[in-house]
Amino acid sequence: MDSPHGAAVKAEDFGLKGPRGWVFRNIGIDAAPGSLIAVEGPSGSGRTCLLLALTGRMKPTAGHAEVGGHRLPKKMAAVRRIAALGPVSGVNDLDQALTVAEQLREGALLQRRYEGPVRALLRPRGERRASTAARIEEALAVAGLDLATLPKGPRTSVRDLERLESVRLSVAIALLGDPRLLALDDLDLKLSDAERAEAWALLRTIAARGTTVFAVCSEAPEDVPVVRTGAPAKTAEPAPAEADPQPDAQPDPQPDTQPDAKPDAKPDAKPDATPDTKTNTKTNTKGTDDALAEARRA
């Protein structure tokens, strides 16, 4: 049973296959409302696409999932209404040309126009402004972003924010719609150890308020449950001395600073070679590219 705020998330054999292979496969999830779940996996293993599928932004092709009682893929629109994206590079990037105040106002306007009830648009302008200001103030407080501490206050340019400040701003914008599920990509990217601790503390606070949270990361804290995508490459068997060695596994890709959609270099993997495990699967990085491209066009 869902709480008034959080959404239960369940998935079984959940997967997405694109024209060039599996993006992610055999994912199993059983998260209660208000859970904090980390998503780990090699670069290019479909972590970002899993977030987009769970929030109704990308159509899965295998297995099934339920978010807040809405079954995917049949009820994608219903899931989108209760789920929000925090920072997801290449999908909902902050506008570097805006100030922080402008970015917040734009986020509030879009949320009200596309997700808010029609009757809210009919209220007097002064009442709408007061309501928007109150929502922004509350979201900033939960996200832990104090505009007064920024170099130019609300007029600080988005491009001048530190990485953790950008995360907090993206989270605040996502919280404007009071989502029951919040998904974030590359949470710990370019953060120091102290900043990572702050970022996880922020997500724990949000989850404690009842919102279910999924966050992609390179390494989750010990107390956070983990859903894994992809699988480590198999160790090659030594070849006979008289034969040239033929390793069975592809070398690990070089680490990058981009989300799953842009791996550095990795040859196509045949779907038949994917290990049949519950939450660990080797995926096709070019399939991830295709799926993310579809999400951006949506």
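In S8, which residue is the bridge partner of Leu182? That partner is Val213. Before going on: this is a predicted model, where local features need pLDDT of at least 70 and side-chain atom pairs count only at pLDDT 80 or more, while totals for chains, interfaces and linings use all residues. Residues are numbered from 1 along each chain as its sequence is written, and side-chain values use heavy atoms, with hydrogens and water left out.

Strands here are DSSP E runs of at least two residues, and helices are H or I runs of at least four, numbered from the N terminus. Two strands pair if DSSP finds at least two bridges between them.

S7, residues 181-184, pairs with S8 in the parallel sense over four bridges. From S7 the chain crosses through helix H7, residues 193-208, to S8, a right-handed β-α-β crossover; that is, with the strands pointing away from the viewer, the path from the first strand over the helix to the second runs clockwise.

S8 also pairs with S3, parallel, over four bridges, and there Leu36 has Val213 as its bridge partner. The whole open sheet has five strands, ordered S6-S7-S8-S3-S9. S6 and S9 are the edges, each with a single partner strand, so one side of each has no neighbour in the sheet.

All five residues of S8 are buried, so S8 is largely enclosed by the rest of the structure. Buried means under 20% relative accessible area, exposed over 50%, partly exposed in between, with a 1.4 Å probe and protein chains only. Thr212, Phe214 and Val216 point one way, Val213 and Ala215 the other.

Last, helix H6: ten of its 13 residues are buried, including Leu164 and Arg168.
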